[in-house]
Amino acid sequence: MNSQVLSAQVVTKPELAAWIRFLRAHAAVTRELSSRLEAQHGLTLSDYDVLVQLYFAPDYRLRRVDLARTVILTASGITRLLDGLERVGWVAKGRCDSDARVTYAVLTEAGVTKFEEAQRMHLADVEELFGSRFDAAERATLAELLGRLPLAETSPACTAASGPA
């Protein structure tokens with residue numbers, strides 16, 4: 001049986017309709033958001049995610065291991081991403097005075113500026129592509145339902161960055 005036939009059988013199962021729509025909507029919206037961020041600000045969604053986490057962290061800094069967990073990347077993945085952000089001057093490496101094994105990712109002044117510029121446009125894009133499709137009650141219901149999924153809990157940075165629902 002080829003994958004198109006299998007896919008057609010899966011889509012017709014009512015219990016999978018929400019899952020299929022969630023996957024397709026997520027892919028389409030994130031692809032468009034990423035495209036817009038890249039075109040307007042030279043940022044990927046992962047870059048933006050790191051900047052938003054650091055922006056709302058105390059003193060604009062997080063341990064690299066904690067940042068990796070928050071943005072759901074491996075240790076090597078966060079290292080590669082941070083290397084690029086460090087090269088352009090938006091993030092710097094910070095040291096821990098009490099434990100030399102601990103390193104921090106620190107948002108620079110240029111990183112703060114870059115995030116604030118990108119945030120205005122990005123939030124408008126999120127509203128256009130996602131938020132405008134739902135009224136306030138539907139957004140609250142959707143947030144509650146999606147909050148039941150693993151790793152869906154909202155970090156303080158995400159709550160602060162998203163503004164009111």
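Helix 3 lies across strand 1, strand 2 and strand 3, and runs at about 95° to strand 3. The model is predicted, so local features need pLDDT of at least 70 and side-chain atom pairs count only at pLDDT 80 or more, while totals for chains, interfaces and linings use all residues. Residues are numbered from 1 along each chain as its sequence is written, and side-chain values use heavy atoms, leaving out hydrogens and water. Helices (H or I, at least four residues) and strands (E, at least two) are DSSP runs numbered from the N terminus.

**Helix 3**
- Eight of the eleven residues of helix 3 (residues 45-55) are buried, meaning under 20% relative accessible area with a 1.4 Å probe, protein chains only.
- Among the buried residues are Tyr48, Leu51, Leu54 and Tyr55.

- Three strands form an open sheet in the order 1-3-2, with antiparallel pairing; two strands pair if DSSP finds at least two bridges between them.
- Strand 1 (61-63) and strand 2 (91-95) are at the edges with a single partner strand each, so one side of each has no neighbour in the sheet.
- Strand 1 is joined to strand 3 (residues 103-107) by three bridges, and Arg63 stands opposite Tyr104 in strand 3.

**Helix 3 against helix 5**
- Helix 3 packs against helix 5 (residues 75-87) at an angle of about 85°, with the axes 11 Å apart; axes are lines fitted to C-alpha atoms, for helices over the stretch in contact, and angles run from 0 to 180 degrees between N-to-C directions.
- The contact (heavy atoms within 4.5 Å) involves Ser46, Asp47 and Val50 of helix 3 and Ile78, Leu81, Leu82 and Leu85 of helix 5.

Key: Buried < 20%, exposed > 50% of the residue type's maximum accessible area, 1.4 Å probe, protein only.
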